[in-house]
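Keep the model open beside you.

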Amino acid sequence: MATGNDQIYYQEGTEGQHVHEEEHHHGNFITTYIFSTDHKMIAKQYLFTGIMWAFLGGLLSIIFRLQLGFPGMDMSFLKPILGGWINETGNLDPTFYLALVTMHGTIMVFFVLTAGLSGTFSNYLIPLQIGARDMASGFMNMLSYWFFFLASMVMLYSLFIETGPAAGGWVVYPPLSALPQAIPGSGTGMTLWLVAMVFFIVSQLMGGINYISTVINLRTKGMSFSRLPLTIWSFFLTAIIGLLSFPVLFAGALLLVFDRSFGTSFYLSEIYIAGEALPNVGGSPLLYQHLFWFLGHPEVYIVLLPALGITSEVIATNARKPIFGYRAMVGSMIGITILSFVVWAHHMFVSGLNPFLGSIFMFLTLIIAVPSAVKVFNYLTTLWKGNLIFTPAMLFSIGLVSLFISGGLTGIFLGNAAIDIQLHDTYFVVAHFHLVMGSVSFFGLMAGVYHWFPKMYGRMMDNTLGYIHFWATFVGVYLVFFPMHYIGIAGFPRRYYSFTAFDPFNAFVDMNMFISVAAILTFGAQAIFAFNFFYSMFKGKKAPANPWRSNTLEWSTPRFPEHGNWPGAIPMVYRWPYDYSKPDAKEDFIPQYVPFSATPESNLPHEEDTYGIEMEGEETKKMDEPHAK
Amino acid sequence: MATTTTSVHQEEVSDKNLWGGGVSPLKVSYGKLMMWFFLLSDAFTFSALLIAYGMSRYAYPAFQGAVDEYVFSQAYWPIPEKVFEAVPFLHGIDLPLVFVGIMTFILILSSVTMVLAVEAGHRMDRKAVTKWMMWTIIGGVTFLSCQAWEWSHFIHGTEEGGRMLDGSIFHGANLVMNQYGPPLFADLFFFITGFHGFHVTTGVVLNILIFYQSAVGKLERRGHYEMVEKVGLYWHFVDLVWVFVFTFFYLI
């Protein structure tokens with residue numbers, strides 16, 4: 001009985017793949033570009049939305065950086081855009097400053113580095129690199145984007161309402177976020193924030209279960225987990241983290257909605273506000289912090305892991321060397337995934353957490369340094385004595401490694417409960433996470449765009465502009481965030497509108513000014529990227545089939561892959577994706593679809609044993625020959 | 001085991017290359033896989049809510065003293081048996097947890113009928129699938145109706161009511177005031193059982209869809225009844241969650 005059932009399911013699995021093969025339909029404008037179920041188009045939609053958000057999020061930070069660098073400056077020239085948020089004397093409204101900080105964080109963390117990074121590259125690369133026609137469910141994938149779009153629209157709308165967007169910090173701690181009378185931003189702006197986040201979580205959930213199911217079920221023949229490119233490993237683990245952590249934020253956000261709108265007391269207790277005692281008793285704001293950080297910390301790895309995965313691929317390709325320690329890389333990513341769930345309370349060391357618990361969380365937090373260091377050493381050893389080709393993507397990847405080291409080191413400071421008491425909520429923290437999470441993920445995103453642009457649009461991006469963009473961004477990021485460490489150690493709290501009222505802080509006015517100027521220049525440099533991106537899309541040099549001489553399967557597709565990716569059968573996979581500069585090989589790369597029987601000169605003794613197994617896929621092999629050359 | 005030796009042999013070969021790509025390694029379709037992962041995610045949502053319940057509850061003292069002397073008070077967490085002791089048409093009789101026991105039994109029974117529907121699907125027996133889906137829907141709707149009565153009774157309260165902190169007497173409960181104990185007890189009760197009830201409602205809607213597709217022969221034409229299995233997974237999950245909700249709110 002049981003065997004009979006299993007056979008049915010087995011057939012269905014393969015049947016599902018065949019159904020996709022027949023989907024070479026040419027849709028109209030709406031089904032091709034808007035409500036598309038093609039993973040490649042959905043990825044581009046995510047990328048466009050992500051770039052739009054990145055510029056907006058960056059712009060918000062420039063506005064508050066102006067206030068920080070030049071306290072009390074006359075911003076009347078912004079009145080046409082910001083209207084009432086510039087007050088009578090031409091200063092930035094202090095409550096709007098808080099809203100700017102909040103929205104900058106929310107937009108960058110969720111809309112750019114979660115949706116823009118993982119949404120773009122998980123969608124684009126998973127089917128192409130594992131050898132699948134599309135995601136397991138194209139329809140759910142489309143829904144996932146449109147829920148994200150809906151979340152984007154609600155969040156964008158909240159920027160334009162009279163009381164302003166949410167202003168309680170991107171972590172939206174109650175009671176500040178729960179009481180509309182606390183600050184203007186906790187009114188309608190906060191409601192819209194929560195609505196947008198609920199849609200966002202739904203989008204993440206639909207995307208995530210799709211990525212996971214696709215990687216498990218739709219790998220082409222021969223693509224075992226130990227032959228998966230590290231990009232796919234990172235997207236797979238990212239999706240698992242999102243799947244398990246976002247629902248907890250979902251629960252926490254729903255409880256907050258009830259506290260705000262329906263009079264419950266989950267997070268509220270014994271509060272006096274404006275001389276009035278609120279009726280709420282019994283709740284605990286700490287409950288929210290636990291629920292939030294159970295997502296919030298894994299979220300760091302949701303934005304980080306895809307960037308690290310992309311870097312592994314780009315560095316191995318452009319160093320013309322196999323990635324050093326493939327298994328160690330996978331192992332450390334799994335280690336990071338598991339550990340990411342048991343460290344959340346290190347964000348709460350000063351919240352009145354039991355110091356004993358604090359020491360446990362400190363211990364667990366510091367363990368994360370081990371897999372992180374393994375990854376860094378593996379990047380460095382991959383680069384070591386490689387034939388480095390400095391494409392813009394490669395530069396961004398090397399830049400990523402540099403930022404990961406310098407930002408990661410300060411994580412060891414902050415993970416210590418005792419040191420965190422001094423540094424908590426200062427600019428030291430801001431410096432730390434902007435380097436290790438913000439910049440690293442952003443560099444990963446950029447590396448990915450430069451590397452896969454030829455596949456996405458069939459054209460090359462301009463290298464010179466790419467180099468200028470890289471150096472301006474790399475130097476700029478260090479100039480912005482490195483001085484913040486000193487300011488933080490000096491005790492500057494984050495999220496403050498102005499420091500000039502405190503004498504000791506006046507000594508740092510120059511440094512704040514310097515940071516602001518550097519931030520404006522770095523932000524301005526991104527225009528180079530925008531120009532390069534859009535110009536190359538239409539006018540760039542035509543891309544060859546495999547511009548980086550890379551091993552992974554996406555480069556075996558035609559220049560403009562249609563829905564279904566490969567015109568013939570899906571190529572079969574015979575080897576891992578990192579056969580670069582293999583001794584005695586004819587070329588310095590051997591793509592994954594080349595069987596060992598075709599490369600007798602370079603095979604290692606144990607690889608010749610696999611000849612027999614390859615014969616099983618004889619009929620598939622014939623089909624991919626046109627792409628092999 | 002009616003399998004021949006050759007098919008056993010084939011199975012061994014395919015097991016060896018199970019994770020080598022080109023096959024579904026867990027021997028389930030992607031749709032079922034997605035349902036499993038959705039349920040895993042949903043389990044974390046409910047876990048978060050139940051942990052929130054635990055944290056809130058243990059912030060309050062429990063009632064100390066003899067059970068006979070128990071009265072509702074804002075000072076301690078109520079004893080569930082004293083709160084949920086009413087049964088429709090048996091007004092004034094103290095029947096602790098009887099009604100919710102019946103509800104739970106009905107929901108579990110609907111899981112049994114769901115299993116029978118899935119089993120009938122394996123046999124490609126359209127009539128039986130339709131019949132058992134029908135019973136599952138009836139079970140789900142009955143559970144929801146019982147919950148509606150339970151909520152209504154909880155909201156309207158008892159004749160004696162309970163003493164609020166300001167000394168007044170309040171009857172029943174809402175999201176702000178609660179005769180049975182601290183407001184958080186009512187808040188969590190409404191939120192968590194409500195959230196679960198929403199899941200049951202969704203499940204009933206899905207069941208009706210599948211019932212319809214089975215009744216008109218759509219699933220038969222498709223050649224398999226896997227959709228029944230998928231909604232079955234969801235339905236069993238919702239039942240399992242209820243077991244936890246029941247344990248937390250009513251038993252301990």
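**Exercise 1.** Find where pLDDT stays under 50 in chain B.

*Solution.* Start with the scale: pLDDT is the predictor's confidence in each residue, from 0 to 100. In this predicted model, local features need pLDDT of at least 70, side-chain atom pairs count only at pLDDT 80 or more, and totals for chains, interfaces and linings use all residues. Residues are numbered from 1 along each chain as its sequence is written, and chains are lettered from A and ligands numbered from 1 in the order in which they are written. The stretch under 50 is residues 1–13 of chain B. The model has 3 contacts there beyond four places in sequence (contact: C-beta atoms, placed from the backbone, within 7 Å). Now take the whole chain. Chain B has a mean pLDDT of 89, and 94% of its residues reach 70 or more.

**Exercise 2.** Describe the contact between chain A and chain B.

*Solution.* Count residues: chain A gives 47 and chain B gives 38. Next, locate them on chain A. Helices H1 (2–21), H7 (188–217), H8 (230–261) and H9 (285–319) each supply at least two residues of its side (helices are DSSP runs of H or I, at least four residues, numbered from the N terminus). Finally, read the predictor's scores for the complex: ipTM is 0.91 and pTM is 0.91.

**Exercise 3.** State the domains of chain A and how far apart their C-alpha centres lie.

*Solution.* The bounds come from an automatic or database domain assignment. Domain 1 of chain A spans 33–539, and domain 2 spans 564–629. Their C-alpha centres are 39 Å apart. At their contact, 16 residues of domain 1 meet 18 residues of domain 2.

Key:
Two residues are in contact if their C-beta atoms, placed from the backbone, lie within 7 Å.
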